[in-house]
There are 2 protein chains.
Amino acid sequence: MEIKVLTIKEDILGANEKKARSNQDRLDKYGILAVNIMSSPGAGKTSLILQTIGKLKPETRVAVIEGDVASQVDADRLHQQGVSIIQINIPGGCHLDANMIENALDNLPLKELDLLLIENVGNLICPAEFDLGEHKRAILSSMPEGDDKPYKYPLMFTEADVVLVNKLDLLPHLDFQVSHFCEGVTRLNPTVKILQVSCKTGEGLEPWFSWLLAQMKDKKAR
Amino acid sequence: MEIKVLTIKEDILGANEKKARSNQDRLDKYGILAVNIMSSPGAGKTSLILQTIGKLKPETRVAVIEGDVASQVDADRLHQQGVSIIQINIPGGCHLDANMIENALDNLPLKELDLLLIENVGNLICPAEFDLGEHKRAILSSMPEGDDKPYKYPLMFTEADVVLVNKLDLLPHLDFQVSHFCEGVTRLNPTVKILQVSCKTGEGLEPWFSWLLAQMKDKKAR
């Protein structure tokens, strides 16, 4: 039974990989930068997206794909922002996959976009295994979750292009050692950018906006 | 492919269910109460277990099974408590299953135990699908994660026997509506006990200890 499951899993990941490449080709054709945003439940992905839209619009044309097990709570929060939003609900599921993103791309105005933000399902484990065709991966880790997260959930941090440590506004009330967290991340991923931010107050987000703009510029230049 | 995967998933869950029943029979034979503790990463499972051991020892003989993707950070925190601890690491895995618990039971002094606390992998989705043979399920949800969690991750809350809302000490600094959270839980699970607690300060934990003691008493009486 064990071996059978592993084989199936490889088949799934192989098929997902092909679809992911096709998604990326499609995004490249339209010059769209896609960023896969992953975190534990409630680490602040939607707040990060709200801050990002608020800062980059209207110069940057943004769309959002919202992945959730249930509800459209996050999509409702984003609805007022005047951007295209695709809500994907996955009852019983624990991650987005490339097939879901393909379906979402079919329903987005690709000619009119520069940036696609993909909010993955709140889960610090499974989403890291599934390539969606994104160009970059942003991991959010919130300070109240504790400074041991990179040690306990290594894959997510190993595959990140940028790590945002959120809820900096709560730091005075927490036993969170920034140096211990950063050491854990850097051990897995020596060159990754680590930013301390508060998606609630906006503190520390300027380098994130600059990073996104630089990635988009780099993409258009190619 | 889709149908094939679903079949395999049913096979896995079916095999897991059989093993879970066998685990529960074994625990019953020794009069041990087993509680499966589940939450998002960093919601406070280990702190809850530390508080519980501190309160119930030595009258109650406790053992702990620690489930993690990687590291033994949590087991190290528990090591000073003088209880039996089994660390289970699951690289690439996202939940404990009944087979892992069977292996752990093989390595615990069952004759000398009253209470088995199982700390599942930090994940608000996948662990809810896997019966371990436990008698009760305790769900921890931490206030900084937000009051929308029951709406977005319903299965976990539907299957809970008790819901502990942790990090009450941070409430003054958060936009967390206790009534909105409780309404979401009660809609899924009308009779579940909901407790507001701080596993850091110990506030609000007395009803949790009383509930555990009542479950153990009830078990011994059967």
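Analyst: The conversation below covers these topics in turn.

Analyst: This is a predicted model, in which local features need pLDDT of at least 70, side-chain atom pairs count only at pLDDT 80 or more, and totals for chains, interfaces and linings use all residues. Residues are numbered from 1 along each chain as its sequence is written, chains are lettered from A and ligands numbered from 1 in the order in which they are written, and side-chain values use heavy atoms, with hydrogens and water left out.

User: What is the strand order of the open sheet in chain B?

Analyst: The order is β3-β2-β4-β1-β5-β6-β7, seven strands with parallel pairing. Strands pair if DSSP finds at least two bridges between them; strands (E, at least two residues) and helices (H or I, at least four) are DSSP runs, numbered from the N terminus. The edge strands of chain B are β3 (84-89) and β7 (193-196), each pairing on one side only. From one strand to the next, the twist averages 20 degrees.

User: Which helix lies across β1, β4, β5, β6 and β7?

Analyst: That is α8 (residues 206-221) of chain B, running at about 145 degrees to β1(B). Helix α7 (residues 178-188) of chain B lies across β5, β6 and β7, at about 160 degrees to β7(B). Such angles run from 0 to 180 degrees between N-to-C directions, with axes fitted as lines to C-alpha atoms, for helices over the stretch in contact (heavy atoms within 4.5 Å).

User: Is β4(B) enclosed or open, and why?

Analyst: Strand β4(B) is largely enclosed by the rest of the structure, because five of its five residues are buried. Buried means under 20% relative accessible area, exposed over 50% and partly exposed in between, with a 1.4 Å probe and protein chains only. Leu115(B), Leu117(B) and Glu119(B) cover one side, and Leu116(B) and Ile118(B) the other.

User: And how many bridges join β1(B) to β4(B)?

Analyst: Five, with the two strands running parallel; Leu33(B) stands opposite Leu115(B). Strand β2 (residues 62-68) of chain B also pairs with β4(B) over five bridges, and there Glu66(B) has Glu119(B) as its bridge partner.

User: Turning to the core, which residues have the most contacts inside the largest one?

Analyst: They are Ile65, Leu108 and Leu116 of chain A and Ile65, Leu108 and Leu116 of chain B, in a nonpolar core of 85 residues. Such a core is a set of buried Ala, Val, Leu, Ile, Met, Phe, Trp, Tyr and Cys residues joined through side-chain atoms within 4.5 Å. A second, separate core of 27 residues includes Leu33(A), Leu48(A), Ile53(A) and Val64(A).

User: Where does Leu132(B) sit?

Analyst: Leu132(B) is in the loop between β4 and β5 of chain B, and is buried at a relative accessible area of 1%. Among the residues that Leu132(B) touches are Asn36(B), Leu96(B), Ile118(B) and Asn120(B).

User: How many disulfides are there?

Analyst: The structure holds zero disulfides over all chains, a disulfide being a pair of cysteine sulfur atoms within 2.5 Å.

User: Last topic: how can chain B be laid on chain A?

Analyst: A turn of 180 degrees and a shift of 0.0 Å along the axis give an RMSD of 0.0 Å, by least squares on the C-alpha atoms of residues with pLDDT of at least 70 in both copies. That is the relation of a two-fold axis.

Notes. Lists of a residue's contacts leave out its neighbours within four places in sequence.
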